[in-house]
Amino acid sequence: MTADRRQGSDSPAVRTEAVEALLVERGLVQSAAVDALVERYEQDIGPLRGARVVAEAWTDPAFRARLLEDGMPAIRELGFGDNTDSHVARLVVKENTESVHNLVVCTLCSCYPWAVLGLPPAWYKSPAYRSRAVREPRLLLAELGLDLEPEVELRVWDSSAEVRYMVLPRRPEGTGGLDVEELTARVTRDSMIGVERL
Amino acid sequence: MNGIHDMGGMHGFGAVDRRSDEALFPEAWQGRVCALAGYAMGAGLANIDAFRHAIERMPPERYLADGYYGRWLYALETLARERLAGDALPERPDVGSVTREVDREPRFAVGDPVRTWNRHPQGHTRLPGYARDRRGVIADIHPACVYPDTNADGRGESPEYLYTVAFESRELWGEEAEAGATVYIDLFEPYLEALA
């Protein structure tokens, strides 16, 4: 079925009002619930849950092992994953090491580990990232300031289906004395996607 | 379908503009669309695969021009137009898990060499074009899941095992591929054939 090419000539704001009115009229949504969900997104702590997961994994080897074995049950131990996108079959966490670096992309849409990182940043959804991360990932990473040593194996995870991926970055040097809270503050969203080192 | 959404490997989109200071929803309607889509799917407007396919069916110039939530808005309009003409809702509410119990074993084991099929379906599929007719190795086996290819257009869930398949960069991109890179792609069993 082809799409109607005349669709949507009004502004997106006007079109959104129209489609919302129709969905409300047909009883599929309630505007108050939409208001509440938007507010929840806006106050969303975003990647903070993922940062906490990383800090726990750095400080608790048993938790780290469970996390790498099966991500979703492990993050539930920390009270996360309750508002997980129900269309996700598994959360898989890939660990960066001295010899392996991991990078996450979704070339077909913009699948992202919402349960731990919140909503994806604009660049992750951009055609430039989606097109290049699988074909020239080293060049792309270099442009973003991460010069990967030639001997480091690069693994790119194209989230094309029902599995979502998060990177467990390497713990930075000189953080031995920090507690979980202080470590959490050191973890960036982009390091958990794999475009940054800490 | 061979659409504009299938972006892996394309040239011409330039540098990645990575900003750290962006708002979650720069315009208010974007947040509304994000929430509306979730509720409308949950209430039975369409399942997630039909929603993704509605995005893929956009005219390609609109896909590029409208942005991420603009595409969601377009898909919501398309699905509302196509599916809300009658009184009944077109789908069961799309909530809960996508994994399914099936009474057969996975065809492949970790380490098995496989080749992806060379098919160009007009409908929805989750085999990226750049990985079509390519040799890889099974790296992981996941539970059977609802099969997006049939679920997207009303042919049913027909669950299939899902695998992570490892492809050497050179197999995907030829002589000029970057060294030392492997691309892992999650692929459903029908996309794969055993390599002797």
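In chain B, residues 24 or more positions apart account for 70% of the contacts with a separation of 6 or more. The model is predicted.

**Chain B overall**

Chain B holds five helices and five strands. Along the sequence they follow the pattern α-α-α-β-β-α-β-α-β-β. The C-alpha trace spans about 50 × 45 × 30 Å along its principal axes. Of the 196 residues of chain B, 41% count as buried.

**The sheet**

Seven strands form an open sheet with mixed pairing. Their order is β2(A)-β3(A)-β4(B)-β3(B)-β2(B)-β1(B)-β5(B). At the edges stand β2 of chain A and β5 of chain B. Each has a single partner strand, so one side of each is left without a neighbour in the sheet. On average, neighbouring strands are turned by 35° against each other, direction ignored.

Within chain B, β1 and β2 pair in the antiparallel sense over three bridges. Arg115(B) has Arg135(B) in β2(B) as its bridge partner.

| Strand | Residues |
|---|---|
| β1 of chain B | residues 113-116 |
| β2 of chain B | residues 135-145 |
| β2 of chain A | 100-105 |
| β5 of chain B | 192-194 |

**Helix α3 of chain A**

Helix α3 of chain A covers residues 48-59. At 1.5 Å a residue, its twelve residues should span 16 Å; the end C-alpha atoms are 17 Å apart, which agrees. Nine of the twelve residues are buried, so α3(A) is largely enclosed by the rest of the structure. Among them are Arg49(A), Arg52(A) and Trp58(A). The buried residues of α3(A) pack against α4, α5, α6, β4, α9 and α10 of chain A.

Note on methods:
Residues numbered from 1 in each chain as written. Chains lettered and ligands numbered in written order. Predicted model: local features only at pLDDT ≥ 70, side-chain atom pairs only at ≥ 80, totals over all residues. Pairing = 2+ DSSP bridges. Helix = DSSP H or I, 4+ residues; strand = E, 2+ residues; numbered from the N terminus. Axes fitted to C-alpha atoms, helices over the stretch in contact; angles between N-to-C directions. Expected span 1.5 Å × (residues − 1). Buried ≥ 20, exposed ≤ 12 C-beta atoms within 10 Å, placed from the backbone. Contact = placed C-beta atoms within 7 Å.
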